[in-house]
Amino acid sequence: AASAVPPGEPPERASAALQGEASGAAGPSAPRLAAGIRLARFAIPVAKAHRQITAGLPPTGIDPEPTCYVLSCDEGLQTRVSRIPPALHALLSLCDGTMGAREIAERLGFALSDVERALRTAREKGFLAAPRQEVRP
């Protein structure tokens, strides 16, 4: 399971970070996309259109349904593409570090528990950055 704090930090810090993320307050624990992560949304299933075009066919029979992807590029410039549901794309689009899970849930009309679960999964997959730690004097 992914931790909300770096390895070696006390468990109470992890709990506090998750509570801050759920509180809706912006700050160190507000979810934000990890470095090298980009979101893409297309109005049609681009993979189907690509197959038809590369086969020398005109793109036909393509229903106008959105397809969404997370693109991740590591330091070695290797790119990974993951198809995601449109609802997850909408959620990740709001992960800019300015609002917590509660505000994201309210904006999207989703249950807070669903947003928290999606954020945990997104963090485990590397789509979200680890929460920033507050600097204490």
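Trainee: Which residue does Asp 114 meet in a salt bridge?
Mentor: Arg 117, at 2.5 Å from N to O. Bear in mind that this is a predicted model.

Trainee: Where do Asp 114 and Arg 117 lie?
Mentor: Both are in helix α5 (residues 112-124), three residues apart, which is about one turn of the helix. Asp 114 is partly exposed at 38% relative accessible area, and Arg 117 is partly exposed at 45%.

Trainee: How many salt bridges does the count come to?
Mentor: Three. One of them joins Arg 107 and Glu 103, at 3.3 Å from N to O. Those two residues sit four apart in helix α4 (residues 101-108), again about one turn. Arg 107 is exposed, with 54% relative accessibility, while Glu 103 is partly exposed at 26%.

Trainee: And what does Glu 65 pair with?
Mentor: Arg 83, with the closest N and O atoms 3.9 Å apart. Glu 65 is in the loop between α2 and β2 and Arg 83 is in strand β3 (residues 79-84), so this pair ties together parts 18 residues apart in sequence.

Trainee: Is Arg 83 buried or exposed?
Mentor: Exposed, because its relative accessibility is 52% and the cut-off for exposed is over 50%. Glu 65 has 38%, so it counts as partly exposed.

Trainee: Different topic. Where is Thr 60 found?
Mentor: In the loop between α2 (46-54) and β2 (67-73). Thr 60 is partly exposed, at 47%. Its C-alpha atom is 7.8 Å from that of Ala 49, eleven residues away along the chain.

Methods:
Residues are numbered from 1 along each chain as its sequence is written. This is a predicted model: local features need pLDDT of at least 70, side-chain atom pairs count only at pLDDT 80 or more; totals for chains, interfaces and linings use all residues. Side-chain values use heavy atoms; hydrogens and water are left out. Buried means under 20% relative accessible area, exposed over 50%, partly exposed in between (1.4 Å probe, protein chains only). A salt bridge is a side-chain nitrogen of Lys or Arg within 4 Å of a carboxyl oxygen of Asp or Glu.
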